[in-house]
Amino acid sequence: MQRSATLYLAPSLNRWIDMPREMSKFVATVGVMATLTALATIVIQIPTPPTRGYINLGDTIVMLSGSLFGSIIGSISGGMGSALADLLTGYGHWAPFTLVIKGIEGFIAGLSKDKKGILRIILLILAGIEMVAGYFIVETIIYGLGAALAELPGNSFQAVSGILLSYILTPVLKKVL
């Protein structure tokens, strides 16, 4: 029951979907959100000498990507955009860890897509906790417990700001999109 090579029947939607168009929208959305994540990460960087890292506002876009577009786009754009920012700003030693940590954060935040109220905020909080815990574990292994503890307030601030800003901006941007 296939109409052409470029169309397929979406079983859950019971309608025809143009695969190339959908794939193009997916790739474009990932690209735009990864770029915005990298820019938000690069624009404001507060260095943290104990772990040779930095505090930034990229988590807002990581969580926003997931909240607006779901776990897959949140994961890919969050991980890639954040790791790209590390590579472009001289923090390349963090890029592999960032790719995984921010990718998981974006995935968890994406679970909040189309959720309302307390469930949405809980999922965003879990995404923030994962980010803080992920960096804490890596920092403890690489630099020791003292350095990881020194970084904890900055990462927590980064998570809280990402949670609050994405919680506020998601409904506004959904109306626009």
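In what order do the elements of the protein run from the N terminus on? The order is β-β-α-β-β-α-α-α-α-α. The model is a predicted one. The protein holds six helices and four strands. It has 177 residues, and 44% of them count as buried. Contacts across the sequence were also counted. Among contacts with a separation of 6 or more, 67% join residues 24 or more positions apart.

The packing of helices α3 and α4 was examined next. Two packed helices are described by the angle between their axes and the distance between the axes. For α3 and α4, the angle is about 150 degrees, and the axes lie 7 Å apart. Angles over 145 degrees count as roughly antiparallel. The two helices α3 and α4 are therefore roughly antiparallel to each other. The crossing of α3 past α4 is right-handed. Several residues make up this contact. On the α3 side they include Gly74, Gly78, Gly79 and Ala83. On the α4 side they include Ala95, Gly103, Gly106 and Phe107.

Aromatic rings were then considered. A pair of aromatic rings is described by the distance of the centres and the angle of the planes. The protein has four aromatic pairs. One of them joins Tyr54 and Tyr91, with 4.4 Å between the centres and 50 degrees between the planes. This pair is tilted. Where do its two partners lie? Tyr54 is in strand β4, residues 53-55. Tyr91 is in the loop between α3 (71-88) and α4 (95-110). The pair therefore ties together parts that are 37 residues apart in sequence. Buried or exposed, how do the two tyrosines Tyr54 and Tyr91 count? The cut-off for buried is under 20% relative accessible area. Tyr54 has 8% relative accessibility, so this residue counts as buried. Tyr91, at 15%, counts as buried too.

A further pair is formed by Trp94 and Phe97. Here the centres are 5.9 Å apart, and the planes make an angle of 70 degrees. The arrangement is edge-to-face. The two partners can be described in turn. Trp94 is buried, with a relative accessible area of 5%. Phe97 is partly exposed, at 31% relative accessibility. Both residues belong to a cluster, in which ring pairs link Trp94, Phe97, Tyr135 and Tyr143.

Arg120 lies over the face of Tyr167. The distance from the ring centre is 4.1 Å.

Notes: Residues numbered from 1 in each chain as written. Predicted model: local features only at pLDDT ≥ 70, side-chain atom pairs only at ≥ 80, totals over all residues. Heavy atoms only, no water. Phe/Tyr/Trp six-rings, centres within 6.5 Å; stacked < 30°, edge-to-face > 60°. Buried < 20%, exposed > 50% of the residue type's maximum accessible area, 1.4 Å probe, protein only. Lys NZ or Arg CZ within 6 Å of the ring centre and 35° of its normal. Axes fitted to C-alpha atoms, helices over the stretch in contact; angles between N-to-C directions. Parallel < 35°, antiparallel > 145°, perpendicular 65-115°, else oblique. Left-handed = near helix turned anticlockwise from the far one by under 90°. Contact = heavy atoms within 4.5 Å.
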